[in-house]
Amino acid sequence: MAYQTVKGTYDLLPEKMLRFNELSALFRQFLDLYGYSEIKTPVFEYTGVFKKENDTSDMVTKEMYSFSMNDKDSFTLRPEGTAGVIRSFVEHKMYGNAELPVKLAYIEEMFRHERPQKGRQRQFTQMGIECIGDKNPLIDAEVIALGYFFVKTLGLSSIKVCINTLGDNESRLQYKKDLTDYFTPYKDQLCFDCQNRLEKNPLRILDCKVDHESDIIKNAPKMKLTESASAYFEQVKNYLDVLEIPYIVDDRLVRGLDYYTDTVFEVISTHEESGSQSTIFGGGRYDNLVKEMGGPDISGIGFAIGVERLCILAEAEGVFEEYKPQIDCYVINLFERAEYALRVSEILRNNGLTCEMDYYGRSLKAQFKSSERKNARFVLIIGEDEIKENTVTLKDTLTRAQESVKLEELTDRIDQLLEDYYE
Ligand code: HAM
C-alpha cells in the first residue's frame with residue numbers, strides 16, 4: 001500500500017526547506033539583536049500544562065491531541081509554545097536569574113486538530129519568543145518591534161499591526177461582568193460555543209468566528225480601563241510611535257487563548273493570497289500564567305509567528321530569490337576505477353569546497369550534463385594520464401580555461417582562481 005501524509009500534515013521538500021531555513025536564519029539574527037536565547041521543550045507534556053480549569057479556547061477544548069498510555073496520566077502534543085516554555089521557566093527556577101526578564105525563544109512544531117485549509121494545518125511550525133519576569137510597557141513595545149522589524153526586513157509590505165488591551169485584572173473582571181449582563185438577554189441568539197463562553201469567559205464571545213458580524217456582538221459595551229491599565233496602554237502606544245511602528249487599535253481583538261491580560265496584538269496579512277488565514281503572528285501579555293504554573297507572581301509577554309503562513313505571504317510577495325543549485329566542484333571520472341576520484345573529492349571537501357562526483361562511470365557527456373545541472377563552478381577531469389601523473393585536469397566553467405594541476409597544489413590553485421575572479 002502506498003501511504004500519503006496524514007490530513008493536515010505535509011512534507012517539507014528540499015526547496016521549501018531552504019526557505020524555512022532562510023526564515024529561521026533571519027529570525028535567529030533578530031533573536032541575537034534583541035538578546036533572546038533559544039530553548040527546546042518536549043513535543044508532548046502533561047495535559048495540565050495546556051489545559052487550565054474553565055478554559056474556553058477552541059485550542060484547549062476542541063483541538064488538542066491528547067493520549068494516555070496507562071489510563072493514569074494524560075499527555076498532549078504541544079498545541080502552542082508558551083505553556084511549555086513557562087512550565088520550563090518554573091521547573092528550572094529561571095525566575096531566580098540575576099538578570100530579569102528572561103528572554104526565551106523557540107522554533108518548534110505544534111499540533112492542533114483543526115479543519116485543514118490553506119494556511120491552517122494540524123502540524124505547523126511556530127517561531128516564538130517569551131519575555132518573562134517583568135511588566136513594563138517598554139518590553140511590550142520591544143516584543144512587538146522584534147516581530148514587526150523581522151517581517152519588514154524579510155521584505156513583507158502587505159501587513160498591518162493590530163493592538164488592543166484586555167486591561168489589568170481589575171478592569172477585566174469588571175468588563176466580564178458588564179459583558180455577562182449585556183449578553184445574557186441574548187443568550188439564545190448566541191452560538192453554542194458562545195453560550196458556554198458566556199458563563200466561563202464572556203470576553204471570548206467578542207472573538208466568535210460564527211457570529212463575528214452580528215449586531216449583538218458589534219454593539220457590545222467597550223471595556224472601561226482602570227487608570228493604571230489605561231496609562232499602561234498609552235505608554236505602549238507611545239513607545240510604538242517612537243519606534244515608528246504603524247498600528248491600528250482594534251477594541252474587539254481578544255485573541256484565541258485564555259491566558260492574555262493587558263496588551264494583545266496581531267500582525268495580519270492584507271495580501272489576497274493569504275485568504276482567510278491571514279494572521280501571520282499574534283501574542284500578548286500574560287500576568288497570571290507563571291503563577292498558575294506554580295511559579296512566582298510575575299508577568300510575561302510573547303508572540304508566535306506561523307511559519308507556513310509567513311512562507312505563503314513571502315512567496316506571494318516574491319521576497320525569496322529563485323532557488324538555483326550551486327556547487328564549487330564536480331569530479332568527472334573517466335577511469336574504470338573510482339579510488340582516485342574519491343580521494344580527490346575528499347581533498348576538496350576537506351578544504352571547504354562543495355563537491356560532487358560521478359558514481360556510475362557514465363560517459364563524459366553525461367557527466368558534463370550533471371555538472372551543468374548542479375551548476376558546478378569547476379569541473380575536474382580524471383583519466384588514466386592524470387592518475388599516472390598525480391594530477392587533475394581543472395576546467396573553470398566561467399572563464400572556460402583548462403589546465404593540468406598537481407594534486408598537492410589543487411586546492412591552492414582553486415582558491416587562487418576564485419580570488420582572481422572576485423578581485
Ligand atoms: P496563536 O494565535 O494561537 O498564538 O498562534 C500564533 C500563530 O501561529 C498564528 O498567528 C498563526 O500564524 C499560527 N498558527 C496557529 N494555528 C495554526 C494552524 N493550525 N496552522 C498554521 N498556522 C497556525 C499562540 O500560539 C501563542 N502561544 C502566541 C504567544 C506567545 N502568546 C504569547 N506568547
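User: Why is T82 called buried?

Analyst: Buried means under 20% relative accessible area, with exposed over 50% and partly exposed in between (1.4 Å probe, protein chains only). T82 has 7% relative accessibility, so T82 counts as buried. The model is predicted: local features need pLDDT of at least 70, side-chain atom pairs count only at pLDDT 80 or more, and totals for chains, interfaces and linings use all residues. Residues are numbered from 1 along each chain as its sequence is written, and side-chain values use heavy atoms, leaving out hydrogens and water.

User: What makes the pair of T82 and E130 side chains a polar contact?

Analyst: A polar contact is a pair of N or O atoms within 3.5 Å; within protein, one must be able to donate a hydrogen and the other to accept it, and residues adjacent in sequence count only if both atoms are side-chain atoms. The two side chains make such a contact at 3.0 Å.

User: Which residues is T82 in contact with, leaving aside neighbours within four places in sequence?

Analyst: They are Y106, E130, Y259, Y286 and L289, where contact means heavy atoms within 4.5 Å.

User: How many helices and strands are there in the protein?

Analyst: The protein has 14 helices and 16 strands. These are DSSP runs numbered from the N terminus: helices are H or I with at least four residues, strands E with at least two.

User: Why is the protein called more spread out than a compact globule?

Analyst: The globule rule is 2.2 Å times the number of residues to the power 0.38, and the radius of gyration is taken over C-alpha atoms. For 423 residues the rule gives 22 Å; the radius of gyration is 28 Å, well over that, so the protein is more spread out than a compact globule.
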